[in-house]
Amino acid sequence: MNTTNEGLMARLALRCAAWSERWFPDAWVFAALGVVIVAIAALAFGSTPVAAVNAFGDGFWSLIPFTMQMAFVVIGGYVVATAPVVARLIDQLARVPKSGRGAICYVALVSMLASLLSWGFSLVFGGLLVRSLARREDLRMDYRAAGAAAYLGLGAVWAMGLSSSAAQLQANPASMPPGLLAITGVLPFTSTIFLWQSFALTACLIVASLLVCWLTAPSDRNARTAHYFGVSEATAVPQLPPRQRPGEWLEYSPLLAVLIGLLGLGWLGHEFVTKSVVSAIANLNTYNFLFLTVGLLLHWRPRSFLDAVARSVPSTAGVLIQFPLYGGIAALLTHAQGAGGLTLAHRLSQLFVHVASTDSFPAVMGAYSAILGFFVPSGGGKWLVEAPYVMQAANDLHVHLGWAVQVYNAAEALPNLINPFWMLPLLGVLGLKARDVVGYTFMQLLVHVPLVIGLLWLLGLTLDYVPPVMP
């Protein structure tokens, strides 16, 4: 940074990152603490130990379909982004920027637009684009700022797009816990991410993010390139090794990929012909099936496809091990009845009704969701924790239920800007550590917080309440 103020903020962000890396435990520990705290709260408000234990056990496996769906969002995005043809496309895209500062803004724009399609795809695609730009000898680009820009898809707008965990869950009644379905009903994409208010909010966030990228990018003289961090200039996508045994013939032949791909495309064609595009893509199974089918065809050879899947699986560990705990928390909130037959979800919704009005609810909920998101870094899982009581409060205050989902979506992304949990797949591609990029993402956070909270309140005034619609 050239200015004193920017240097001070960057140093402050690095100190915050160092403190969190030293003192904050793994995200699973936060989920486990959530179980303990909610269970104690249920007991404190009159629930019996038997009721609390049964609620936790009944809810623990209730989210297995949704857990696998979210894991496949990561896998599908990674598989598509690392296909050889996509890797060549990335190299072509890397030829566009003419300056280091322009390259950083370019990465940010590509990452944010890609995240509206799939956050898993955005992380890997953005990381590979940065690696490709770093190989250009005629471009002096700050590798840290570019890495932070590649993360903006997940740190700014991903939850406003098609892979939004909350919007996907609310549009799929079969994936929702019964207690949540009874409160919210079904909310199609036309009531959440396809609202014009959502488009306006997303556009404002993209513009603001690009402006911050431009203003905080170091000059060529102060830029730290990939070479400074000891990052290899070789491609980040491993090459397919040659076939060694006769038994590997089908693994290296495109025959199976073509046949299965044609079956998949046939089914997808039937889905989009017999249903509206919005209804078809809102189904998480269809969404993931589309990415896996396209990924298989783009990799062309089963061996290449399977290698990409194997490289993506470690990134799903947090989802697989945390979501059962979130299912238990959701059941404790909605099924463990206490004094007067009231659940914790009902009591929390009463608290929201007392502290917020119909007009102020988006701002209050947004601030609360952003703070909680730092401790529970999981889009879909955190929604399952919050939704039972915040959506009940939205019903009680007559707040547009779809906009309440979008309030969560926009606010949930804010803590991602400084929480390293979701950075891990990207950092693995870049060969960086969270402390290397968080100084720049912290600058984004300073701008995003007032912008998001203000727009959530202002745009919420333009929407009217619609009662839950049951399937």
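Student: What makes a residue count as buried, and what share of the 471 residues in the protein chain is buried?

Tutor: Buried means under 20% relative accessible area, with over 50% called exposed and partly exposed in between (1.4 Å probe, protein chains only). By that rule, 56% of the 471 residues in the protein chain are buried. This is a predicted model, where local features need pLDDT of at least 70, side-chain atom pairs count only at pLDDT 80 or more, and totals for chains, interfaces and linings use all residues. Residues are numbered from 1 along each chain as its sequence is written, and side-chain values use heavy atoms, leaving out hydrogens and water.

Student: Why is serine 312 called buried?

Tutor: Its relative accessibility is 0%, so serine 312 counts as buried. Leaving aside neighbours within four places in sequence, serine 312 is in contact (heavy atoms within 4.5 Å) with Val74, Ile75 and Tyr78.

Student: Why are helix 3 and helix 18 called oblique to each other?

Tutor: Their axes, lines fitted to C-alpha atoms over the stretch in contact, with angles from 0 to 180 degrees between N-to-C directions, cross at roughly 135° and come within 7 Å. Under 35 degrees is roughly parallel, over 145 roughly antiparallel, 65 to 115 roughly perpendicular, and the rest oblique. Helix 3 and helix 18 are therefore oblique.

Student: Which residues of helix 3 and helix 18 meet?

Tutor: Ala52, Ala55, Phe56, Gly59 and Phe60 in helix 3 meet residues of helix 18 including Pro324, Leu325 and Ala331.

Technical notes
Helix = DSSP H or I, 4+ residues; strand = E, 2+ residues; numbered from the N terminus.
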